[in-house]
Amino acid sequence: MKIAPLSVIAGLTMMTACPAPAQDQSAFPTPTTVGSANRSATVEPAPGGFVGGTQVYPWSDGTIFQAYAAPGLVSDIALQAGEDLIAVASGDTARWTIGDTTSGAGETRQTHVLVKPYSAGLMTNLVITTTRRTYHIRLVSTAETALSSLRWTYPEDDMLALRHKAEAVQAAAPVATGLDIEQLHFDYAISGDRPAWRPLRAFDDGTRTYVEFPASLASGEAPPLFVVGADGKAELVNYRLQERFYVVDRIFAAAELRLGLKKQQVVRIERLSPAATRRGA
């Protein structure tokens, strides 16, 4: 009979005397802890949250938004205008019909996720990922009661928009004092070429239009401004240069800044409809 070397016997003795440390089970969340956290994070439809038949939730990251659906009825989950859908995942795709569609076009284009259960008494979750955020939704089916539609307000986005408006008013102070921020219209689209003098923004106060340029405008040639009519014809418009602004004593639907002869640079400025903005809000 062969006897194992002393070094091997010593190693086995140490392994027996020093067992692997047991994992601390208290470091892992229990089902009770997870369930409590989910319940605390879930918000349900409230009477004061309805606009017509639409439940409107204030958006908050990490919140689980509860929605009610019913067999035979389609519930519409409307995302923010301009937000692009990446993926939709559900915990129960066998007993729920889930699809998506869009409405509007351009900046008012809106994605809608449509859900419908096969029967009452079901519960599942829905995860919607977009180019801006991730939505976590708890779906509950009842016999007859369903949300016709569900959407959100976005307080952080609203605050950011107000900040941008305030910055624009401050920047315009040298050329227009006493502007009422509530009367300003900032919904202008700037497109076309990207020369060094391309405008930063355009806005109006209901009477005059202001086109703000970067500081580099002072060191180069200023482009002339043409107003483009409904027939597509362009005509030179009167304006005055104050600081970094063109001030035009009128409101226009479309205009173009043009500079150069052989290889002309063209930047287009278009005033967007307030009605279209409201539809996409």
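This is a predicted model: local features need pLDDT of at least 70, side-chain atom pairs count only at pLDDT 80 or more; totals for chains, interfaces and linings use all residues.
## The open sheet

Let's start with the strands. Five of them form an open sheet, paired antiparallel in the order E12-E20-E19-E15-E16. The edges belong to E12 (188–192) and E16 (234–236); each has a single partner strand, so one side of each has no neighbour in the sheet. Going from one strand to the next, the twist averages 25°.

Zooming in on one pair, E19 (residues 254–259) and E20 (residues 265–271) run antiparallel and are joined by six bridges. Ala 255, for instance, has Ile 269 in E20 as its bridge partner.

## Around Ala 202

Ala 202 sits in strand E13, which covers residues 201–204. Is Ala 202 buried or exposed? It counts as buried, because its relative accessibility is 3% and the cut-off for buried is under 20%.

Who does Ala 202 touch, sequence neighbours within four places aside? The contacts are His 185, Phe 186, Tyr 188, Ile 190, Tyr 210, Val 211 and Ile 269. His 185 is 17 residues away along the chain, with 8.8 Å between the two C-alpha atoms.

The largest nonpolar core has 20 residues, and the members touching the most others are Ile 77, Leu 126, Ile 128, Tyr 135, Ile 137, Leu 139 and Trp 152. A second, separate core of 17 residues includes Tyr 188, Val 211, Val 248 and Leu 257.

Terms used. Residues are numbered from 1 along each chain as its sequence is written. Side-chain values use heavy atoms; hydrogens and water are left out. Two strands pair if DSSP finds at least two bridges between them. Helices (H or I, at least four residues) and strands (E, at least two) are DSSP runs, numbered from the N terminus. Axes are lines fitted to C-alpha atoms, for helices over the stretch in contact, and angles run from 0 to 180 degrees between N-to-C directions. Buried means under 20% relative accessible area, exposed over 50%, partly exposed in between (1.4 Å probe, protein chains only). Contact means heavy atoms within 4.5 Å. A nonpolar core is a set of buried Ala, Val, Leu, Ile, Met, Phe, Trp, Tyr and Cys residues joined through side-chain atoms within 4.5 Å.
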